[in-house]
Amino acid sequence: MDKIVIEGGRPLKGAVTISGAKNAALPALAACLLTGGWHRLVRIPRLRDIRTIQRIMADLGTDFREQGGVIEVNSENLTGYEAPYELVKTMRASILLLGPLLARCGRARISLPGGCAIGARPINLHLKALVAMGADIYLDHGYINARAPRLRGADIFFDIPTVTGTENIMMAAVTASGRTILKNAANEPEVQDLARMLRSMGADIEGEGTDTIVIHGVDRLETCEHTVIPDRIEAGTFMIGAAISRGAIVVEGCIPAYLTSLIEKLKQAGADISAEDRRITVRGPDRIQSVDIKTMPYPGFPTDLQAQFMTLMAIADGWSMIRETIFENRFIHVSELRRMGADIEINGGQALVKGKERLLSAPVMATDLRASASLVLAGLVAEGGRTEVHRIYHLDRGYEAIEEKFRGLGAAIWRESEPPL
Ligand code: EPZ
């Protein structure tokens with residue numbers, strides 16, 4: 001396993017270019033199962049999770065050709081419809097294969113994704129919607145077994161706006177017979193991006209970006225070329241890095257409109273931010289002001305930036321209340337931040353953060369993807385030596401070359417391998 005080592009105290013300076021969004025690339029790859037022929041996907045980030053879904057799809061008979069950030073995908077000769085436990089357990093977003101496999105093959109056998117560090121992560125809403133569309137689904141030996149000779153359109157209401165649930169049902173509905181209406185649908189930018197890709201394949205879909213999406217099934221889909229949107233969570237992570245390190249950076253190749261809630265909160269915290277077309281400039285304040293946040297579905301404050309923002313508040317002037325409303329256990333990073341001197345009190349889904357003058361370097365443990373990023377940010381400003389972030393395979397799932405990008409901004413950060421225990 002590898003660790004990342006950081007010597008804190010250097011303000012971030014310069015420019016960083018954002019990679020394609022992991023959470024747009026995963027559904028885009030899954031959507032290539034809907035029809036044979038060569039699709040071209042552009043700006044696919046080189047991440048552990050991307051390699052995992054590619055491996056599952058390759059085992060089902062999908063062919064890939066790669067050059068640079070472009071991946072060509074051909075599912076003409078599918079030979080199977082099963083996503084095995086060994087791979088699904090490492091990446092629960094494999095559930096995104098359920099909808100397209102059911103639509104294309106009439107059957108699917110997907111290992112039931114377990115929970116993960118941040119919560120139980122149920123998929124009941126995915127299954128309930130597919131049953132409403134005529135699928136016969138039963139669970140056995142830890143697998144979802146689904147059959148549907150032909151999915152039919154249905155009126156679906158999601159009790160909770162679920163991102164991958166909305167994406168799964170969109171992909172199931174585009175070739176179903178009749179009309180599907182998704183109400184209380186998720187409207188995250190990644191959902192909107194999938195809708196654009198499906199439309200370019202010939203799908204009849206409208207309403208993405210609102211809470212109601214209407215899909216009329218079509219008989220056939222075409223191949224497409226699709227460029228996935230830039231990763232707003234990666235962009236937000238670097239923006240917080242500039243603020244926390246009292247630096248000044250330019251985040252290139254991002255979409256400021258996707259980061260409105262974070263921009264607003266960083267301004268309240270004292271950062272100087274300017275946004276134009278595809279770039280955001282962030283200058284950190286000398287003293288960060290404490291700000292309350294509450295995570296919400298898009299366009300509210302994203303849960304995937306909660307841990308990173310908490311690190312910023314850990315050295316702010318004053319108290320801040322951080323409320324996590326999306327996942328039931330997304331404060332795992334708190335115990336590690338406390339080891340660096342943070343003063344944080346948890347009460348259910350709320351964390352009360354008392355800003356301190358400084359954090360102190362320490363060896364810490366990554367536990368999930370975004371918590372890992374919060375520990376790297378803490379290391380950028382920790383005093384008294386080197387911070388070591390262990391088990392950074394969590395980071396590699398969702399950030400492309402993160403230590404190289406931070407080093408390019410002037411941070412003293414490098415990766416070391418560590419002997420297995
Ligand atoms: C997606 O997860 C993202 N992953 C997550 O990013 C992100 O944190 C999350 O959306 C929220 O924005 C991908 O897109 C691959 P949900 P997803 O279904 O779809 C409950 C990262 O770090 N729920 O929108 O799994 C659920 O428990 C990851 O990149 C049900 O109860 O999240 C949660 O409380 C972490 N039943 C809420 O809905 C269901 O059937 C929102 O979850 C589905 C969800």
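This is a predicted model: local features need pLDDT of at least 70, side-chain atom pairs count only at pLDDT 80 or more; totals for chains, interfaces and linings use all residues.

Modeller: In general, strands of a sheet pair through backbone hydrogen bonds, in either a parallel or an antiparallel way. Here the sheet is open and has 4 strands, in the order β18-β19-β21-β20, with mixed pairing. Its edge strands are β18 (293–294) and β20 (343–347), each of which pairs on one side only. A helix belongs to the picture as well: α10, residues 306–314, lies across β18, β19, β20 and β21 (350–354). The angle between α10 and β21 is about 30 degrees.

Elsewhere in the chain, helix α6 can be followed through one of its residues. G165 lies in α6, which spans residues 163–173. G165 counts as buried because its relative accessibility is 0%, and buried means under 20%. Leaving aside residues up to four places away in sequence, G165 touches H126 and F158. The C-alpha atoms of G165 and I233 are separated by 20 Å, and these residues are 68 residues apart along the chain.

Helix α6 also has a partner helix. Its axis and that of α7 (residues 189–200) come within 10 Å and cross at roughly 10 degrees, so α6 is roughly parallel to α7. On the α6 side the contact is made by V163, T166, E167, M170 and M171, and on the α7 side by E190, V191, L194, A195 and L198. By class, this contact has 7 nonpolar, 1 polar and 2 charged residues.

Terms used: Residues are numbered from 1 along each chain as its sequence is written. Side-chain values use heavy atoms; hydrogens and water are left out. Two strands pair if DSSP finds at least two bridges between them. Helices (H or I, at least four residues) and strands (E, at least two) are DSSP runs, numbered from the N terminus. Contact means heavy atoms within 4.5 Å. Axes are lines fitted to C-alpha atoms, for helices over the stretch in contact, and angles run from 0 to 180 degrees between N-to-C directions. Buried means under 20% relative accessible area, exposed over 50%, partly exposed in between (1.4 Å probe, protein chains only). Angles under 35 degrees count as roughly parallel, over 145 as roughly antiparallel, 65 to 115 as roughly perpendicular and the rest as oblique. Ala, Val, Leu, Ile, Met, Phe, Trp, Tyr, Cys and Pro count as nonpolar, Asp, Glu, Lys and Arg as charged, and the others, Gly among them, as polar.
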